[in-house]
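I opened a new page for this protein today. My plan is to look things up one at a time and write down what I find.

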Amino acid sequence: MAMAPTVKVILGSIAFAIFWVLAVFPSVPFLPIGRTAGSLLGAMLMVLFQVVNPDEAYAAIDLPILGLLFGTMVVSVYLERADMFKYLGKLLSYKSQGPKDLLCRICLISAISSALFTNDTSCVVLTEFVLKIARQHNLPPHPFLLALASSANIGSSATPIGNPQNLVIALLSKITFGGFLIGIFPAMLVGVFVNALILLCMYWKLLSVQKDEEDPAPEVVAENDVDSHRFSPATMSHPTSLNSQEFESALESMKSTNVESTTLRNRSYLTESNSIQTSPSAKIERLSHELGNSSGSEIQKEVGNPGIVIPPKINSSPNGVVEYGNFIGFAEERLGFSKKWKRVLWKACVYLVTLGMLLSLLLGLNMSWTAITAALALIVLDFKDARPCLEKVSYSLLIFFCGMFITVEGFNKTGIPSSLWDFMEPYAKLDRISGVAVLAAVIVVLSNLASNVPTVLLLGARVAASAAAISPASEKKAWLILAWVSTVAGNLSLLGSAANLIVCEQARRAPLLGYNLSFWSHLKFGAPSTLIITAIGLTLIRG
């Protein structure tokens, strides 16, 4: 592609530079508007500078990718409600054999959950749990947080739904879910193992010597506190809104506490109308009617002196419900049994729908509509207002993608990416080892400078076209190499991927458990891990 006119090249470069700065440094002092607003600003400038016209801007937005992102996020929200991540968290501490065993478990569970539920989601819901486990066993959090973030990135490379750049690659390349999995899974499996090995080698002494008793953790968390931790994904839900499920559980606990603390001696009922005083015999009759199996003499002992105020109307029904005016008191045991099995049935349906979605993806059905169908099936099965769950979807991420699509399309029209690739292409041929190494180095550098998704959008079509000139198998292998390297490259530095930043921020803001994962401490592990795992994985990727 020839270079555009000089004015368009300059203006397009300015718009892309603004987008890049705000995407990599969202809190930059001179314009702290964040990544989402930065992507929209870049897109608006591309249109305003006439690098692209409005119709081209709208056409640049890839709706299938947005649909797939939305569907997987909704499914993840319902999996979180169904305690999937709570069960994954419990696996971390179940019969743990010590710090090294715990670190290996974190690597494995983080990788598997990221491949199925995206790396960002796994990091959001598991970070605080990992912190609590580390504090409970008086262990330093640093190696475990690194294990969580790095393994999440490596594990997410195995499937199209593991991370956003894989979604883009799968839809642009038309590679099926199964083909993607078969091509990268061996590299992912070995990569997770090598990553755990590097962590063990670097932190062996730290994991072998626990902290002294004189230097305890700020707060040692009780076992039941760890098991009952409620995960809360990072979402854009309104701070004043209350999840309907949490509200119902809180209400039921209040009801049960009230029922248990109330005895027959002090039971009293107030109505909005006039109170009616009854005789002892009337009280005995009412209490006998409520308790059913109690005899009159037993109740006589409990009633004592008269003076109980009862509501104006008492109705009972065969299903065990007793009504006192506007208050409905359920038979506690029957209600608890019913709610328990309804909850179990609902959770089973969530898991079955998710499994059905994964099987459909493996069979090669349309990925976007498969994810959206699974999301709507879960909404219907929930049989309640979906607003609280839909509020947990990261709409800011969807908007970020819209702006990024337009900005990258505008930058492509300047001709700069094509010119740079024309210069690099002779040295990045996939039919020789040196070419694969050069291509991998370019992807690693760009992924850390421009972020992995823009790198995929900028390089994807060009790398695939160059590989297609060699053979069709080389084209598929080029896409898979791009997926593998751009994902693992996120482990190089703290700013390399969103998963790293999520772990860092979640750990820093965790109540009473806060830990600051610094840029340099991450780089000390990330640089050698990224280079070694990337190189090993390249030899295992199948075209």
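Predicted model: local features only at pLDDT ≥ 70, side-chain atom pairs only at ≥ 80, totals over all residues.

Entry 1: Next I looked up the largest nonpolar core, which has 134 residues. Which of its residues touch the most other members? They are Tyr78, Phe144, Phe401 and Trp484. I then checked which helix gives the most to this core, and it is α10, residues 177-202, with eleven residues.

**Entry 2: the whole protein.** I stepped back for the overall numbers. I counted 25 helices and five strands. The protein has 543 residues, and 48% of them count as buried. I looked at contacts with a separation of 6 or more, and 76% of them join residues 24 or more positions apart. The accessible surface comes to about 26000 Å². Carbon and sulfur atoms hold 65% of that surface.

**Entry 3: aromatic pairs.** I went on to the rings. To describe a pair of aromatic rings, I need the distance of the centres and the angle of the planes. The count comes to eight aromatic pairs. I picked Tyr78 and Trp346. Their ring centres are 6.5 Å apart and their planes are at 55°, so I noted the pair as tilted. The cut-offs explain the word: under 30 degrees would be stacked and over 60 would be edge-to-face, so the rest are tilted. Where do the two residues sit? Tyr78 is in helix α4 and Trp346 is in helix α16, residues 332-362, so the pair ties together parts 268 residues apart in sequence. Tyr78 and Trp346 are both buried. I also noted a cluster linked by ring pairs: Phe16, Phe19, Phe400, Phe401, Phe405 and Phe411. Phe401 was already on my page, as one of the core residues that touch the most other members.

**Entry 4: Lys100.** I found Lys100 in helix α6, residues 99-117. Is Lys100 buried, exposed or partly exposed? Its relative accessibility is 24%, so Lys100 counts as partly exposed. I set aside neighbours within four places in sequence and listed its contacts: Leu200, Trp204, Leu207 and Ser208. The side chains of Lys100 and Ser208 are joined by a polar contact of 3.1 Å.

**Entry 5: two positive phi values.** I looked at two residues other than glycine with a positive phi. Asp83 has phi near 70°. Asp83 lies in the loop between α4 (63-81) and α5 (84-93). Phe383 has phi near 55°. Phe383 lies in the loop between α17 (367-382) and α18 (387-390). Which is buried and which is exposed? Asp83 is buried, with a relative accessible area of 10%. Phe383 is exposed, with a relative accessible area of 76%.

**Entry 6: Asn448.** I found Asn448 in helix α21, residues 433-450. Its relative accessible area is 18%, and buried means under 20%, so Asn448 is buried. What does its side chain reach? It reaches the backbone oxygen of Ala489 at 3.2 Å. The side chain of Asn448 also makes a polar contact with the side chain of Ser493, at 3.4 Å. Beyond neighbours within four places in sequence, Asn448 is in contact with Ala489, Leu492, Ser493 and Gly496.

**Entry 7: Ser471.** I found Ser471 in the loop between α22 (452-468) and α23 (472-488). Ser471 is partly exposed, with a relative accessible area of 23%. Ser471 and Asp431 are 40 residues apart in sequence, with their C-alpha atoms 9.6 Å apart in space.

**Entry 8: helix α24.** I ended with a length check on α24, residues 498-509. At 1.5 Å a residue, its twelve residues should span 16 Å, and the end C-alpha atoms are 16 Å apart, so the two agree. Its buried residues are Ala499, Asn500, Ile502, Val503, Cys504 and Ala507. I looked up what they pack against: α7 (119-136), α8 (142-156) and α25 (519-538).

Methods
Residues numbered from 1 in each chain as written. Heavy atoms only, no water. Helix = DSSP H or I, 4+ residues; strand = E, 2+ residues; numbered from the N terminus. Expected span 1.5 Å × (residues − 1). Buried < 20%, exposed > 50% of the residue type's maximum accessible area, 1.4 Å probe, protein only. Contact = heavy atoms within 4.5 Å. Polar contact = N/O pair within 3.5 Å; in protein donor to acceptor, adjacent residues only side chain to side chain. Areas by Shrake-Rupley, 256 points an atom, 1.4 Å probe, with all protein chains shown as cover. Core = buried A, V, L, I, M, F, W, Y, C linked by side-chain atoms within 4.5 Å. Phe/Tyr/Trp six-rings, centres within 6.5 Å; stacked < 30°, edge-to-face > 60°.
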